[in-house]
Amino acid sequence: QNEDEVGEALDYVVSRGLVRREELFVCSKVWNTDHSASRVRKACEASLRALKVDYLDLYLIHWPVTGNAGADVSPSIRETWEALES
């Protein structure tokens, strides 16, 4: 939930030449509410905008459950993983 602030800091140091983007390892995560295949790409793109970067070095599944009530994990972790790979 702090990607905007981190993005401001990244933009500050990179735009002033204090550090090159290639020297940084930038990681983010897909939130529980964005696990469905139709939401993963949009969530990643939102993170890229907030972080003010063109790419991420690592994009994680935030938590291996979606927060939906019930015994089944829905959408499945497989669905989320496959969306991350695409």
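Leaving aside neighbours within four places in sequence, S36 is in contact with P75 and E79, contact meaning heavy atoms within 4.5 Å. S36 is found in the loop between β1 and α2, and its relative accessible area of 17% makes it buried. Here, buried means under 20% relative accessible area, exposed over 50%, and partly exposed in between, with a 1.4 Å probe and protein chains only. The structure is a predicted model, in which local features need pLDDT of at least 70 and side-chain atom pairs count only at pLDDT 80 or more, while totals for chains, interfaces and linings use all residues. Residues are numbered from 1 along each chain as its sequence is written, and side-chain values use heavy atoms, with hydrogens and water left out.

The protein chain has three helices and two strands, arranged along the sequence in the pattern α-β-α-β-α. Helices (H or I, at least four residues) and strands (E, at least two) are DSSP runs, numbered from the N terminus. The C-alpha trace spans about 50 × 25 × 15 Å along its principal axes. Of the 86 residues of the chain, 28% count as buried. The accessible surface of the chain comes to about 6100 Å², and carbon and sulfur atoms account for 52% of that surface; accessible areas come from the Shrake-Rupley method with a 1.4 Å probe, and for residues only the protein chains shown count as cover. Among contacts in the chain with a separation of 6 or more, 64% are between residues 24 or more positions apart.

The largest nonpolar core is made up of eleven residues: L10, V26, V30, V40, A43, L48, L51, V53, L56, Y59 and A83. Helix α2 (residues 37-51) gives the most to this core, with four residues. A nonpolar core is a set of buried Ala, Val, Leu, Ile, Met, Phe, Trp, Tyr and Cys residues joined through side-chain atoms within 4.5 Å.

The buried residues of α2 are V40, A43, S47, L48, A50 and L51. They cover an arc of only 165° around the axis and therefore lie on the same side of α2, the arc being that of the directions from the helix axis to the C-beta atoms. The face turned away from this buried side carries the exposed residues S38, R41, K42 and R49. The partners against which the buried residues of α2 pack are α1 (3-15), β1, β2 (58-61) and α3 (77-85).

Within α2, V40 counts as buried at 3% relative accessibility. Its contacts, again leaving aside neighbours within four places in sequence, are V30, D34, H35, Y59, T80, A83 and L84. V40 and L51 are eleven residues apart in sequence, and their C-alpha atoms are 16 Å apart in space.

Helix α1 can be described in a similar way. With 13 residues, α1 reaches 17 Å from its first C-alpha to its last, close to the 18 Å expected at 1.5 Å a residue. Its buried residues are E3, G7 and L10. They cover an arc of only 65° around the axis, so they sit on the same side of α1. These buried residues pack against β1 and α2.

Strand β1 (residues 27-30) contains S28, which counts as buried at 6% relative accessibility. The side chains of S28 and E3 are joined by a polar contact of 2.3 Å. A polar contact is a pair of N or O atoms within 3.5 Å; within protein, one must be able to donate a hydrogen and the other to accept it, and residues adjacent in sequence count only if both atoms are side-chain atoms. Beyond its neighbours within four places in sequence, S28 is in contact with E3, S47, L51, L56, L58, Y59 and L60.

Just after α1, G17 takes a positive phi of about 75°. K52, which follows α2, has a positive phi near 60° although K52 is not a glycine. Most residues other than glycine have a negative phi. K52 is found in the loop between α2 and β2 and is partly exposed, with a relative accessible area of 40%.

Definitions and conventions: The expected span of a helix is 1.5 Å times one less than its number of residues.
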